[in-house]
Structure formats: structure tokens, C-alpha cells
Amino acid sequence: MLIFEQSSKGRVAHAQSPATKASLDDLPADMLRETPPLMPEVSEMQAVRHYTRLSQKNFSIDTHFYPLGSCTMKYNPRACNSLSMLPGLVDRHPYAPDSHSQGFLSCMHDLQEILKEVTGMKAVSLSPMAGAQGEFAGVAMIKAYHESRGDMARNEIIVPDAAHGTNPASAVMCGYKIQEIPTRDDGDIDVDALKEVLGPQTAGIMLTNPSTVGVFERRIQEIAALVHEAGGLLYYDGANLNAILGKVRPGDMGFDVIHMNLHKTFSTPHGGGGPGAGPVGVSERLEPFLPIPMIDYDGTNYRFITADDRPQSIGRLSAFAGNAGILLRAYIYARLLGRQGMTRVAEYSTLNANYMLKKMKAAGFEAAYPDRRATHEFIITLRKEAKDLGVNAMDFAKRLLDYGVHAPTTYFPLLVPECFLIEPTETESIDALDNFVEAMIKIREEAETGADRVKGAPYTLPVRRLDDVKAARELDIAWKPAE
Amino acid sequence: MSYIPSDLLFTSSHEWVRDEGDDTVTIGITDHAQELLGDLVFIELPEVGDTIEAGGEAGVVESVKAASDIFSPVSGEVIEINEDLVDSPELVNEQAYDNGWIYKIKLNDPSEIDGLLNPEAYTEVVEADEH
């Protein structure tokens with residue numbers, strides 16, 4: 001039931017009411033609305049019950065295993081939350097002068113330094129507020145770089161067919177044309193196809209490594225050399241950084257610009273649970289173009305780097321310092337882990353993925369890239385089950401919910417039919433991993449005795465199978481009072 | 001195996017073309033394509049008067065699973081679009097080759113359709129896909 005539907009005229013939740021009535025005298029009369037906005041009128045207890053009940057319906061990392069591939073849904077340590085809520089940080093006003101913000105600025109500066117070290121880049125800006133905004137910033141810097149050199153003919157960005165949809169979208173937002181290149185059957189990029197599309201029109205290439213098919217791009221150095229030789233730059237999509245933390249650095253692979261998803265790799269809440277943060281790191285030649293603000297340290301004082309310091313910057317992407325609360329959580333996470341802990345993230349996330357992959361294969365499920373070792377995630381294809389048993393990847397996904405597991409990523413990447421992209425992360429126990437494989441085996445057994453049981457799932461959640469087609473065709477998200 | 005009519009021409013990117021005999025053609029996406037995409041929820045049509053190159057983007061079909069470009073099989077000027085699809089994208093799922101047609105083109109070069117796939121060649125494409 002919507003909170004509006006519980007509304008009854010005159011009920012008030014006093015704890016949420018403003019203590020003093022705001023004066024509207026200084027607003028122009030023609031700017032004031034004539035009727036008050038529709039607000040639910042409920043008591044304090046009704047409001048508490050409503051939102052508590054809603055929270056109980058959550059299917060989240062705090063309640064369930066959540067192996068959502070390419071999303072890195074790992075545990076969000078409570079320490080990061082409580083330390084980032086210290087009064088000195090929470091109560092800092094964004095307009096406070098640098099001299100009154102030295103503690104906060106030192107955290108942000110140190111986070112920049114940590115991210116530089118982890119990625120092997122020359123400089124980092126923390127300001128993009130999501131992965132997609134980081135991508136946009138990255139491509140905008142590539143464009144600014146070419147234009148600053150008068151190299152105006154470069155109008156193409158190369159993207160592999162397995163890429164996240166945000167890659168071509170970000171490039172198009174920056175005014176580029178997309179050149180798509182195929183992925184080979186072994187999961188690597190088709191280097192011959194790359195050679196064919198490289199040329200004086202190439203502005204750059206956007207890659208995810210490990211790639212979205214869950215394998216490490218083995219010819220990355222050769223690819224980097226080819227792209228650089230053609231005058232293009234290499235963009236690193238940081239979606240899968242978790243697999244290589246402390247092991248390999250994108251900067252050392254030859255990448256010129258990278259965005260990181262702190263809400264994935266650095267374990268800040270995400271997926272409806274909090275805003276993202278998509279810092280960007282660059283090699284030396286792109287440094288002048290980084291988005292402002294950044295944090296400078298002269299050995300004594302910390303201060304914001306502004307447009308006066310960086311006239312070639314692509315500009316601001318956020319008000320103030322970006323999603324500062326999220327950046328703080330990521331900083332604390334990195335400090336809690338330390339150098340060795342960060343390396344263990346990569347080791348355990350890949351170990352967990354490979355353990356699960358091996359168990360799934362042993363149970364008779366088909367790996368999409370059977371000859372390759374998994375990175376921190378892997379793909380199985382359920383095309384055999386779809387054909388022989390009449391239950392597809394979506395049916396398995398829905399039935400998994402009844403077994404207390406959030407579904408993995410389904411139907412992505414698009415080039416693998418009936419696919420599950422599974423990412424267990426380093427924070428799950430061996431029991432949770434075993435439990436997932438056992439649930440998959442049980443679902444297949446159910447399907448063998450008749451598809452209906454699986455096709456009707458889920459049965460145990462607040463809602464049954466949703467009509468996502470109707471929801472998309474007849475979008476209805478605004479409440480209106482009954483006539 | 002999806003349905004492949006014997007009187008149409010095809011592309012390897014799963015569009016179909018009906019030669020109307022007067023230098024115009026009708027274009028849609030194949031039964032196999034709609035099967036792969038699943039239930040369509042939105043179709044972005046070209047506009048009448050648009051000039052489209054062969055291989056260029058003519059529109060977008062979007063399902064609950066994916067969004068996919070429609071690549072024009074031939075070059076020419078768009079002379080008619082199927083407005084019914086705006087409110088009823090499911091027509092493509094239900095009748096890919098009839099009421100689910102997407103747009104009509106006046107051909108720049110009528111000989112261009114000779115380069116398209118015949119039903120036998122397209123059957124091979126689909127079979128390779130399903131392998």
C-alpha cells in the first residue's frame with residue numbers, strides 16, 4: 001500500500017514537522033504555487049511502520065547473496081559507514097574555507113594518492129559522481145586532448161561488441177562515431193579486426209579488462225601499441241577493477257585514462273542503496289584536462305585546485321566536491337584494507353569465481369568460455385536447459401530468488417545466449433558459494449520434472465513474476481488521488 | 001527454427017525486404033530477430049523523407065532484454081513508416097512479416113537488392129546462429 005493511500009486529513013507526524021514555520025514573504029508572489037503540494041497525512045507511527053515494512057521487502061547485500069556480474073555487490077563494511085559519519089566530517093559546511101577543512105581535504109587528497117598508486121596513473125580527479133559520468137569525463141578528456149593539438153579529424157571511438165552499453169553511449173554523448181569490433185570465440189578481442197578499423201580518424205578505444213565476458217584480455221600490450229601507433233588513446237572502464245587490485249595496473253598496461261567505480265571496487269553502497277562515485281585517473285598527457293576540483297598538498301596545507309589552476313580542464317561535473325560522503329567511505333575502506341588487504345581482494349574474488357565455475361562445470365552446466373580461467377566473474381550459458389527443458393535464464397533467475405539468492409546478471413553480455421554473468425566477490429564464504437551451485441542443480445531437477453514449477457517462480461517474495469513488458473509499455477509511476 | 005518466408009530477401013543482421021516491384025521496398029525485422037529480442041516495448045521509427053544509406057541506422061527496436069539498431073538493408077528515401085508500431089510494438093513479435101513491417105523506402109539504386117540474401121542463404125545464417 002502506498003503511503004498516500006494511508007493518508008487521512010489532519011494527521012501529522014510531529015517528529016518530521018518543521019519546528020518553525022518558514023516565511024515566504026521574500027518570494028515573488030507570482031512564483032508561489034496556488035495550491036499546496038499533495039502530501040500524505042499520516043501519524044509518526046504510520047510513517048515508521050510504512051518505511052520499516054518497505055525495508056523488510058528489500059532483497060539486498062545485507063540480507064542475501066548477490067552475485068550480480070559486472071556490478072561487484074560486495075559487503076559494505078559498517079566501519080566505513082560509522083567513521084564517515086564522524087561529526088567533524090558530516091557537519092563540515094561545503095562553503096567552509098580550506099583552512100577550516102584540512103582534515104576532510106587530507107582524506108580526499110590521500111584517496112587521490114591511493115587511487116593513483118592502485119591504477120598506475122599520473123593524476124586523479126574524484127569529482128565524477130557515477131561510473132557513467134566518469135566515462136563521460138574520460139572521453140571528454142580524450143576529445144579535449146586531440147583538439148588541443150589541432151588534431152580535429154579524429155571522430156571515431158572503437159568499442160568491442162561485449163562492452164557495457166554505457167561505453168558507446170558516453171562516446172556518442174561526446175560527439176564521436178562508434179566503431180564496433182568483434183570478440184573472438186576464446187573471449188579475446190579480434191586484433192585483426194582492430195587493425196582494420198584503426199586510422200587517422202581514430203580518437204581512441206574503450207576497453208574493460210578483465211572484459212565483460214569474464215576473462216583477462218591477454219594481448220592488451222599489443223593492442224595498446226597498435227592504438228598508440230595510430231595516434232589514438234586507450235580508455236579503461238574500471239567496472240572489473242576488483243579482479244586485478246594490487247596485481248596489475250591499467251597504467252602499466254598502456255591505458256591513458258581510466259574511470260573507477262568506487263561503489264563497486266571500493267565497496268561503497270550502491271544499487272538503490274546510495275549514490276555512486278566514478279573518479280578518473282589519467283596519464284601525463286591528459287593531466288591538464290582533468291575535471292575540477294582536485295585536492296593539492298604543498299607539504300603543509302591542503303587546498304582545492306580550481307579553474308584558475310587548470311585553464312584547460314573539461315570543467316566541473318558536480319557541485320562542491322562530488323559525492324563527498326561516498327568518497328570518504330571509499331577512503332576508509334582503502335585504509336582499512338591496506339596494501340596487502342587490497343591484493344587479497346583480487347586473490348579471493350578470483351579464487352571464489354574460479355571455485356564456483358569449476359563446481360558449475362562439474363555439475364553439468366556449460367561455461368561460455370570453457371578453456372579460459374575466470375577472473376572475478378564468469379559466464380555460463382543455459383541454452384541447453386532452455387532448449388531441452390523449456391526453462392530459460394530468466395526462469396532460473398526468478399527461481400533462485402526462492403532459494404534466497406539474488407539472480408546473477410542475466411542476458412548480458414548480449415553475445416552469449418541465455419547467459420548468467422556470475423560474480424561472487426571476495427566477501428562470500430565457501431558455504432554461500434556451494435549453496436548457489438546446489439540451488440542451480442535443484443532448479444534444473446525441478447525443470448526436469450516439468451517446466452511449470454520454475455516458470456511460475458518466484459513464490460516466496462512479496463510479489464510474483466512481474467509483467468515487465470506491461471510495465472515498460474504502460475509506464476505508470478506517479479500517484480494520483482482517486483477522482 | 002523460426003519462420004522464413006520464401007518470397008522475401010534478407011540481411012545477415014536480420015532485416016527482411018519485400019520488393020514491391022515499383023522501385024520501392026518494405027522493410028522489417030525477421031521472426032528470428034524478434035525471437036532473440038523477446039517482447040518489444042519500444043520502436044524508434046525513421047521519419048518520412050529521411051535519406052538512409054545501406055548499412056546505416058534506420059531506427060531502434062527495444063525489448064525488455066536489449067536495445068538493437070535497425071540497419072537499413074538498402075539506400076533510399078523513406079516514403080512511409082508503420083505508425084501502428086508506436087502504440088503497438090508487439091505487432092513485430094506477433095506478425096513480423098505482415099502488420100509488423102517497419103518502413104518503406106524508395107530505392108536509389110534498384111539493383112542494390114540483388115546483393116541481399118535469398119531465403120536459403122538466410123536460413124544458413126539463422127542455423128549458424130542457433131548452433
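**Entry 1: what I am looking at.** I am working from a predicted model, so I keep that in mind for each entry.

**Entry 2: the main core.** I started with the largest nonpolar core, which has 116 residues. The residues with the most contacts inside this core are A:Leu111, A:Met141, A:Tyr235, A:Val257, A:Leu327, A:Ala330 and A:Ile379. Which helix gives the largest share of this core? I found that H11 of chain A, residues 324–362, supplies the largest share with 16 residues. I also checked the domains: domain 1 (79–336) and domain 2 (348–471) of chain A each give at least three residues to this core.

**Entry 3: a closer look at A:Tyr235.** I listed what this residue touches, leaving out residues up to four places away in sequence. A:Tyr235 touches A:Gly138, A:Val139 and A:Ile142, then the run A:Gly204, A:Ile205, A:Met206 and A:Leu207, and also A:Val257.

**Entry 4: a second core.** I then found a separate core of 32 residues, and B:Leu9, B:Ile52, B:Trp101 and B:Ile105 are among them.

**Entry 5: helix H6 of chain A.** This helix covers residues 166–173, and its buried residues are A:Thr166, A:Asn167, A:Ser170 and A:Ala171. Why do I say that they line one face of the helix? Seen down the axis of H6(A), the buried residues fall within an arc of 135°, so they line one face. I looked up what they pack against: helix H5 (131–148) and strands S2 (156–160), S3 (177–181), S4 (202–208) and S5 (233–237) of chain A. Just after H6(A), I noted that A:Gly175 has a positive phi of about 90°.

**Entry 6: chain B as a whole.** I counted four helices and nine strands in chain B. Read from the N terminus, the order is β-β-β-α-β-β-β-β-β-α-α-β-α. The radius of gyration of chain B is 14 Å, close to the 14 Å that the globule rule gives for 131 residues, so chain B is as compact as a globular protein of that length. Its C-alpha trace spans about 35 × 35 × 20 Å along the principal axes. Of the 131 residues of chain B, 37% count as buried. Among chain B contacts between residues at least 6 apart in sequence, 63% join residues at least 24 apart.

**Entry 7: where the chains meet.** I found six residues of chain A in contact with five residues of chain B. On the chain A side, four are nonpolar, two are charged and none is polar.

Key
Residues numbered from 1 in each chain as written. Chains lettered and ligands numbered in written order. Predicted model: local features only at pLDDT ≥ 70, side-chain atom pairs only at ≥ 80, totals over all residues. Contact = placed C-beta atoms within 7 Å. Nonpolar A, V, L, I, M, F, W, Y, C, P; charged D, E, K, R; others polar. Core = buried A, V, L, I, M, F, W, Y, C linked by C-beta atoms within 7 Å. Buried ≥ 20, exposed ≤ 12 C-beta atoms within 10 Å, placed from the backbone. Helix = DSSP H or I, 4+ residues; strand = E, 2+ residues; numbered from the N terminus. Domains from an automatic or database assignment. Arc of directions from axis to C-beta. Rg over C-alpha atoms; globule rule 2.2 N^0.38 Å.
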